[in-house]
Amino acid sequence: MLHFDFPLSERVRNYIRVEQLFNRFNEALAGDDKWMHHAAIYTLFELVECASKAELKRDMLQELERQRLQQNASALPNQVHLDKLNQAIQELQTLNTHSAQNLRENEWLNAFRQRLNIAGGNTAVELPSYHFWLNQMAEQRREYLQKWSATALPIQNAVGLVLETLRSNPQVIDCQAVSGKYEHGGLIQTTQLLSIEMDSAFGVVPEVSANKYFTNINFLQANQESTRSKVAEQDFPFKLILCSVDNSK
C-alpha cells in the first residue's frame, strides 16, 4: 500500500519534511555499504539546514507545551505520554543553538559540502581524505555519522512525538474514486493532516485541493516523464485519513 501525506499547515509540512529526512538518514546509517554512508552524509547536510531553523524549534516547543497543558488539565492524564512531553520539552530547551553552526564549521565536512554541486567533486581524485574515510570499516564510519548527527536528536524526538500524537486517533474514511476523481466535504478547522492510502497497483498519484468548504482529489496517472499527467479514467477504492489536533492524546 502507498501512503501519501498532505499537510494542511506550514508547521506540519516542516515536521514531515524533517521526519522524512531523518528516516532517510537512519536507513542509510543502518547499512554497511560505503555508498549508503555516502548518501547519509548528503542527507546530513539537509538535516542540519532544516533542523537548525529557529522557527522549527519555536513551533515544536509551542505545540509540545500545548499538549502538556492539555494533559495536565485532563481528569485522567496519560502519564506515559506526559513523561515523553516533559522529556522532549527539556531536551529542546537545553539544545545548544550553536551546535549546528559548529557542525557547519567542521573543516572536513565543509570541504565535502562545498563540492556537492560540482559533478564528480567528491571523488577520490578531488578529496583523498574522503576516499580514505569511505574505505574505513563500516562501524567506524557509522560512529562518525552518529557523532555528527547527535546534535539533531532532540529535534528528531520532538518531531516524532508531535506527529505521533497528531496521527494517534485518525478519522479513516473508505472512499471510491470515480473516473479518477473524488470530492469530500469541508474540513474542520483543527484538521492538520490529510493522508491517502491506496494500492500501488492502480498506478496513480493523488493531487489534493482542500479548504474549509470542500476537498477535491484528482488521481493522476503516474508518469516518470513529466510532473503533470492526465487524470486517471478508472474507478478504484482508497482510504482518506484525517488527523486533527482535537484527536490528540
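Modeller: Let's begin with a word we'll need all the time: two residues are in contact when they have heavy atoms within 4.5 Å. Among contacts in this chain between residues at least 6 apart in sequence, 72% join residues at least 24 apart. Keep in mind that this is a predicted model, where local features need pLDDT of at least 70 and side-chain atom pairs count only at pLDDT 80 or more, while totals for chains, interfaces and linings use all residues. Residues are numbered from 1 along each chain as its sequence is written, and side-chain values use heavy atoms, with hydrogens and water left out.

The chain has 9 helices and 7 strands. Both are DSSP runs numbered from the N terminus: helices are H or I with at least four residues, strands are E with at least two. The C-alpha atoms fill a box of roughly 60 × 55 × 25 Å along the principal axes.

Now for the helices. Two packed helices are described by the angle between their axes and the distance between the axes. Take α3 (residues 54–73) and α4 (residues 79–93): their axes lie 10 Å apart and the angle is about 150°. An axis here is a line fitted to C-alpha atoms over the stretch in contact, and angles run from 0 to 180 degrees between N-to-C directions. The crossing of α3 and α4 is left-handed, so the near helix is turned anticlockwise from the far one by less than a right angle; clockwise would be right-handed.

Who touches whom? On the α3 side, the residues include Met 60, Leu 61 and Leu 64, and on the α4 side, Leu 85, Ala 88 and Leu 92 are among them. By class, this contact has 8 nonpolar, 6 polar and 3 charged residues. Nonpolar means Ala, Val, Leu, Ile, Met, Phe, Trp, Tyr, Cys and Pro; charged means Asp, Glu, Lys and Arg; the others, Gly among them, are polar.

Helix α4 has another partner, α9 (residues 153–166): their axes come within 9 Å and cross at roughly 145°. This crossing is left-handed too. Here Leu 85, Ala 88 and Leu 92 are among the α4 residues that meet α9, whose side includes Ile 155, Ala 158 and Leu 161. The contact divides into 7 nonpolar, 3 polar and 3 charged residues.

What about the inside? Of the 249 residues, 39% count as buried, meaning under 20% relative accessible area with a 1.4 Å probe and protein chains only (over 50% is exposed, in between partly exposed). A nonpolar core is a set of buried Ala, Val, Leu, Ile, Met, Phe, Trp, Tyr and Cys residues joined through side-chain atoms within 4.5 Å. The largest one has 46 residues, and Met 60, Leu 64 and Ile 155 are among the members that touch the most others. Helix α1 (residues 10–30) gives the most to this core, with 9 residues. A second, separate core of 18 residues includes Phe 238 and Leu 240.

Leu 240 also turns up beside His 184, which touches Ile 173, Phe 214, Thr 215, Leu 240 and Leu 242, not counting residues up to four places away in sequence. His 184 lies in strand β3 (residues 181–185) and counts as buried at 18% relative accessibility.
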